[in-house]
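Please consider the model displayed below. The paragraphs that follow treat its sheet and then its nonpolar cores.

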Amino acid sequence: MNTPEKKWKVATTKLRSKNYKPLPLKRIYILKKNGKKRPLGIPVMVDRVFQALYLIALEPVAEYYADPDSYGFRSYRSIADAIQSCHINLSRTTSGKWILEGDIKGCFDNISHEWLMEMIPTDKTVLRKWLKAGYIYKNKLFPTEEGTPQGGIISPVLANMTLDGLQSKINQRFKRKKINYVRYADDFIVTGESKEILDNEVKPLIEEFLKERGLVLSQEKTKITHIDEGFNFLGFNIRKYEGKVCAT
């Protein structure tokens, strides 16, 4: 009979990279507010533990290179910090009043495997095995040719590392303009002094950055608004009210 002690001993003997082969993930779908379904890939317990071990080594590297105004899936950072950053960037008298609301289409599902293999500083053999493990849905095995599954322990850090670097690109290109950037996971905003700058200069820069990583902006959700109209970000509505920027 299997006991917790026996299971523990079996599991610990498998935590070696030599001959390691992850099992396909279990695919489930959860309903989103808009009626669409979000796919989740759930690894078996041994693979979750293996990913957690690699995450211990990878996370400090990710933190070192992370964008300063990235707040999702990071220790000691929260949605409240992201909203505070929005408030700071929009409340100054010299702040830009236009906001590009960015949303990446299927970010986790579409990240380029080639980009990950080239740029993520970890064991490439193990990383490839995770990326190509496939998934099982309704008792059928499906291949995974792109993306990193939502549900994997290491996936949020891989997604963050994929998107890190965009803030520095924006800052370098627009040094003397009122451009500010705030990101939480794959949702982000960019503030600017005019709609034209955001639409004609900032947005193409973002699209070029994402294309290298196999990603595109969602045309449905990406839009440009004025602070007087207000915008929704991370469950808050942010707008100017009686001369002050408020988040409700």
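In which sense do strand β1 and strand β4 pair? Strand β1 (residues 25-31) and strand β4 (residues 135-137) are paired in the parallel sense, over two bridges; pairing requires that DSSP find at least two bridges between two strands. Strands (E, at least two residues) and helices (H or I, at least four) are DSSP runs, numbered from the N terminus. K26 has I136 of β4 as its bridge partner.

The model is predicted: local features need pLDDT of at least 70 and side-chain atom pairs count only at pLDDT 80 or more, whereas totals for chains, interfaces and linings use all residues. Residues are numbered from 1 along each chain as its sequence is written, and side-chain values use heavy atoms, with hydrogens and water left out.

The order β2-β1-β4-β5 describes an open sheet of four strands with mixed pairing. Because β2 (37-42) and β5 (140-142) stand at the edges with a single partner strand each, one side of each lacks a neighbour in the sheet.

The largest nonpolar core comprises 42 residues. Such a core is a set of buried Ala, Val, Leu, Ile, Met, Phe, Trp, Tyr and Cys residues joined through side-chain atoms within 4.5 Å, where buried means under 20% relative accessible area (1.4 Å probe, protein chains only). Among the residues with the most contacts inside this core are W130, I170 and L210. Helix α9 (195-211) is one of the elements giving two or more residues to the core, and α9 gives the most, with seven. Beyond its neighbours within four places in sequence, L210 is in contact (heavy atoms within 4.5 Å) with I104, L163, L215, V216 and L217. A second, separate core of 16 residues includes I83, A185, F231 and I238.

Technical notes
Buried means under 20% relative accessible area, exposed over 50%, partly exposed in between (1.4 Å probe, protein chains only).
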